[in-house]
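Subject: Structure handover

Hello,

Here is the structure for you to work with. Please open it alongside this note.

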Amino acid sequence: MRLHALAKINLALDVLGKRPDGYHDVRMIMQTISMYDDLNLEIKKEPGIELRTNLAYIPTDSRNLAWRAAELLMQEFGIRDGLKIDLEKYIPVTAGLAGGSSDAAAVLVGVNRLFGLGLSTEELMERGVILGADVPYCVMRGTALAEGIGEKLTRLPSVPGCHVVVGKPAVNVSTKTAYESLNTDSITARPDIDGMIECIQKGDLYGITSRMKNVFEPGIARKYPVITEIAELLCRHGAMNAIMSGSGPTVFGIFEKKGEAEKAAAALRESRKARTVHLTRVFRVA
Ligand code: ATP
């Protein structure tokens with residue numbers, strides 16, 4: 001069974017504060033993009049989960065979220081057969097694009113179908129949160145408001161079709177460090193999330209993009225100025241707006257016209273400011 005695990009961007013990301021359990025309460029506008037990892041799932045007669053990936057530095061055991069997703073369902077349903085997972089990673093790793101969470105979501109969907117478990121999307125999302133706060137959203141896909149630790153989801157209408165240039169600079173930012181270096185009391189510029197929701201409901205792409213903001217960006221970009229350089233380059237080349245996704249360091253720009261997005265992607269590649277550059281589109285659920 002072949003599956004696509006789609007990446008996400010955060011059109012807006014706000015961190016409200018730290019909770020007694022150490023997690024943070026967030027408020028984010030999530031958007032799936034048509035950039036994906038390829039997965040192939042195959043039942044095997046010998047018990048156990050066998051995972052192979054194209055990237056040597058990704059764990060292939062229980063540290064891999066895709067592996068854990070398979071184990072979660074196979075244990076709950078007492079599945080005796082084994083499972084072979086072939087994972088081709090194209091989504092940059094530790095990038096703020098939820099690649100690992102999306103692999104886990106795809107495996108939940110795939111194992112449910114492959115073994116005929118009969119779980120609904122909601123039931124898969126409930127299990128997903130055990131693996132990570134972003135996993136339920138990755139099962140749901142599309143445009144959504146995420147609250148709580150990211151698991152409380154409200155579906156929003158699809159944003160108008162548009163093109164996305166995604167550039168990941170050659171720096172690594174762990175989500176843990178990003179949260180640790182954020183002082184939620186001293187955030188001065190927060191995104192207007194309610195305003196963005198209104199614009200999404202009206203299908204107003206200009207209103208949506210003019211409200212794009214990520215509270216992690218000022219702190220991370222101070223440490224890695226290349227983030228601001230990439231965002232500025234994309235805006236100079238016609239992006240309606242460009243910001244960092246998640247806890248970074250990936251930057252994305254939104255474009256109305258494909259031609260402009262292509263030119264901006266070419267300029268970003270030429271600048272060598274990003275290690276990987278992808279040209280994609282927002283993914284709209286049917
Ligand atoms: P998020 O946007 O949710 O913060 P991310 O893009 O920062 O995600 P990922 O690429 O999902 O981060 O994962 C980063 C870490 O998780 C790496 O240290 C990697 O070894 C580990 N990991 C576990 N499973 C996977 C997977 N299936 N794909 C990629 N990384 C994985």
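Below are the notes on the domains, the interface, the salt bridges and the ligand site.

This is a predicted model: local features need pLDDT of at least 70, side-chain atom pairs count only at pLDDT 80 or more, and totals for chains, interfaces and linings use all residues. Residues are numbered from 1 along each chain as its sequence is written, and side-chain values use heavy atoms, with hydrogens and water left out.

Domains first. The protein chain splits into domain 1 (2-155) and domain 2 (163-281); the bounds come from an automatic or database domain assignment. Their centres, taken over C-alpha atoms, are 23 Å apart. Domain 1 gives 27 residues to the contact and domain 2 gives 36. Contact means heavy atoms within 4.5 Å.

Next, the interface. About 2,300 Å² is buried between domain 1 and domain 2, and 65% of it is on carbon and sulfur atoms. Buried area is the accessible area (1.4 Å probe) that two parts lose on being put together, summed over both. Three residues stand out: Leu11, Leu13 and Val15 supply 23% of the area that domain 1 buries against domain 2, more than any other three residues.

Polar links cross the interface too. There are 11 residue pairs in polar contact between the domains, both residues at pLDDT 80 or more. A polar contact is a pair of N or O atoms within 3.5 Å; within protein, one must be able to donate a hydrogen and the other to accept it, and residues adjacent in sequence count only if both atoms are side-chain atoms. On the domain 1 side, β1 (2-18), β2 (24-44) and β5 (143-147) each give two or more residues. The largest share, 10 residues, comes from β1. Strands (E, at least two residues) and helices (H or I, at least four) are DSSP runs, numbered from the N terminus.

Now the salt bridges (a side-chain nitrogen of Lys or Arg within 4 Å of a carboxyl oxygen of Asp or Glu). Two lie between domain 1 and domain 2. Asp14 pairs with Arg190, with the closest N and O atoms 2.6 Å apart. The structure holds 16 salt bridges. Asp14 is in strand β1 and Arg190 is in the loop between α5 (175-180) and α6 (193-202), so the pair ties together parts 176 residues apart in sequence.

Last, the ligand. Of the 20 residues around the ligand, Asn64, Thr94, Ala98, Gly100 and Asp103 come nearest; the cut-off is a heavy atom within 4 Å. An N or O atom in the Asn64 side chain is 2.9 Å from a ligand nitrogen. Ligand oxygen atoms lie 3.0 Å from a backbone N or O atom of Gly96 and 2.8 Å from a polar backbone atom of Ala98.

Best wishes
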